[in-house]
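Please consult the sequence and the three-dimensional structure shown here while reading.

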Amino acid sequence: MIFFPQQPTLPFFAWLTKQLPMLEVLSFFHMEDEEIDPILDALNNTPSDNLSFRDTLQCLTIADCKLNENHFETIWTDILPKLPKVSSLSLSLNNIQSVRFFVDRMQISDMASCLPSNKAVRSLLLHPNPVLDNIKKDPDEKAALLSFLHRFHTIWDI
Amino acid sequence: MKVGFVDINNDVDENFRIDDFDVSHMWSYEIDNDDGRIKKLTIRGKDDLDYQYELPAIVCHLTNVVEICLHCCEKLPVELSELPCLQKLELVCTSDIIFDDDFPFEMVLKKLKILSFKY
């Protein structure tokens, strides 16, 4: 899991989380680390009830932003549970190499019991990311991804 | 769809070719066929400090605008709050907006459904 610095104090981040009460689609494409990290930080550190689009956001896209498996875990376990209506999460064109370590930790009973279900998610777009090549070469990686899909069984599109 | 140019600076001679046109200075719009009001506005630019601009507050008079796409804009006006129909805002090459200390936090986009950032 990634640990972000303190919540950014720049007004943009407060605006993004508080002033968009009807937002359904939020997308970030081809952004640099220094841009996307504070955005994730703001989403991560804002309490669910304070996110103005908590009950309206349906589609979150963070594509071509150099996200890795730590970012993926943070998005899945910390950010997505605050957005219960999100049915589509697109993380295309990033650098997610593996879900194995996340799944290994997930299978530890304590963590599994407190993991969010993210039941609304139907579509988790990972293509293209290295993990989808790695599952063809590494049986353990394939098993981990299948285990992930078994745990989060509402996903039908990946 | 028909596309045309207005040569407001009288720069163009008979040898002008469409390929010579510099889109970095271009803005475009779509209008509502019923009332002629602007419903979609796009302002293009270059990823270059010389081409950055502040979106003027007068944009709040575009009361029927539904979509705005801004390239290389460095500042947004709080008056965007006054656009009653704005549903989509697309910001391209606008990292200065994210890190603007004077970003208008009080700007509430009540009808906005789609927000995208691209670099």
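Strand E1 (residues 25-29) of chain A and E7(B) run parallel and are joined by five bridges. Strands (E, at least two residues) and helices (H or I, at least four residues) are DSSP runs numbered from the N terminus, and two strands count as paired if DSSP finds at least two bridges between them. The model is a predicted one, in which local features need pLDDT of at least 70 and side-chain atom pairs count only at pLDDT 80 or more, whereas totals for chains, interfaces and linings use all residues. Residues are numbered from 1 along each chain as its sequence is written, chains are lettered from A and ligands numbered from 1 in the order in which they are written, and side-chain values use heavy atoms, with hydrogens and water left out.

E2(B) pairs in the parallel sense with strand E4 (residues 67-71) of chain B over four bridges. By contrast, E1(B) and strand E2 (residues 38-43) of chain B are antiparallel and share five bridges. The hairpin of E1(B) and E2(B) has six residues between the strands, and Gly36(B) takes a positive phi near 75° there.

| Residue | Opposite residue | Strand of the opposite residue |
|---|---|---|
| Val25(A) | Ile114(B) | E7(B) |
| Phe29(A) | Lys118(B) | E7(B) |
| Thr42(B) | Cys69(B) | E4(B) |
| Glu30(B) | Lys40(B) | E2(B) |

## The interface

How many residues does each chain give to the contact? Chain B gives 23 residues and chain A gives 24 residues, contact being defined as heavy atoms within 4.5 Å. The area buried between the two chains is about 2200 Å², and carbon and sulfur atoms give 71% of it. Buried area is the accessible area (1.4 Å probe) that two parts lose on being put together, summed over both. On the chain B side, Ile98(B), Phe105(B) and Phe117(B) lose the most area to chain A, together 29% of what that side buries.

Eleven residue pairs are in polar contact across the interface, both residues being at pLDDT 80 or more. A polar contact is a pair of N or O atoms within 3.5 Å; within protein, one must be able to donate a hydrogen and the other to accept it, and residues adjacent in sequence count only if both atoms are side-chain atoms. Salt bridges between chain B and chain A number zero, where a salt bridge is a side-chain nitrogen of Lys or Arg within 4 Å of a carboxyl oxygen of Asp or Glu.

On the side of chain B that touches chain A, the elements that give two or more residues are helix H1 (95-98) and strand E7 (114-118) of chain B. The largest share of that side, five residues, comes from E7(B).

## Loop residues

Glu106(B) is placed in the loop between H1 and E7 of chain B. Apart from neighbours within four places in sequence, Glu106(B) is in contact with Gln19(A), Val78(B) and Ser81(B).

In chain A, His30(A) lies in the loop between E1 and helix H2 (33-45). His30(A) has a positive phi of about 55° although it is not a glycine. The peptide bond from His127(A) to Pro128(A) is cis, with omega near -5°, and Pro128(A) lies in the loop between E4 and helix H6 (130-137) of chain A.
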